[in-house]
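Here is a short tour for your next look at a protein fold. Please take a moment with the sequence and the structure before reading on.

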Amino acid sequence: MKGKAKCLVRVCAGLVWVAAAVCFSPAAAQEYAAALQGLERLDVVFDVAQGNPAAANVVFWAVRDVYQAEEVRALPEKPRVVVAFRGPAVRLLSTKREGVTREDAEAMDRFAATLREMKKDGVRLEVCLYAVQVLGVDPASLLPEVDRVTNGFVSVVGYQNQGYAVVAIP
């Protein structure tokens, strides 16, 4: 049994070495080289309409990774990131939890914590007050980290005309 254990340890160590070699190879370090070629900074606005709390937590892990990626941080200028909430997504920004399942309330709390961290990271967060009104969300219940704009479409179009890439999260 000792011989099999030693063999297993060697195989595992070998696999770890191969994985490390692949992950830290020059090819892996250059994974975004083509996409970021010639950029001084990354400017992006995420146009968020989806309102599922569990899905938001998964999607926003990837959203945060956009500006936290080592290759993006290595650009000469700091990225400019905006998240514009409209449609059902505005419900995710409310601190009220009446009529929400326990699971969704917990997911909304995690999402609010993520948004607070993003705000600290310099991400601009905006909510469309038109959607807030149409969906019956109390404006007083909105997270304080989120800036209010009358019409979220004006913001998205404005950022797009300033050269921001628009990523829709329907």
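Of the contacts in the protein between residues at least 6 apart in sequence, 74% join residues at least 24 apart. Please keep in mind that this is a predicted model.

**Fold**
- The protein has eight helices and five strands.
- Read from the N terminus, the order of its elements is α-α-α-β-α-α-β-α-β-α-β-α-β.

**Surface and burial**
- The protein has 170 residues, and 36% of them are buried.
- Its accessible surface comes to about 10,400 Å², with 60% of that belonging to carbon and sulfur atoms.

**Aromatic rings**
- How many aromatic pairs are there? The count comes to four.
- Why is the pair of F60 and F85 stacked? The ring centres are 6.0 Å apart and the planes meet at 10°, and planes under 30 degrees apart count as stacked.
- F60 sits in helix α4 (residues 53-68) and F85 in strand β2 (residues 80-85), so this pair ties together parts that are 25 residues apart in sequence.

Definitions and conventions:
Residues are numbered from 1 along each chain as its sequence is written. This is a predicted model: local features need pLDDT of at least 70, side-chain atom pairs count only at pLDDT 80 or more; totals for chains, interfaces and linings use all residues. Side-chain values use heavy atoms; hydrogens and water are left out. Helices (H or I, at least four residues) and strands (E, at least two) are DSSP runs, numbered from the N terminus. Buried means under 20% relative accessible area, exposed over 50%, partly exposed in between (1.4 Å probe, protein chains only). Contact means heavy atoms within 4.5 Å. Accessible areas come from the Shrake-Rupley method with a 1.4 Å probe; for residues, only the protein chains shown count as cover. Rings of Phe, Tyr and Trp (its six-membered ring) pair if their centres lie within 6.5 Å; planes under 30 degrees apart count as stacked, over 60 as edge-to-face and the rest as tilted.
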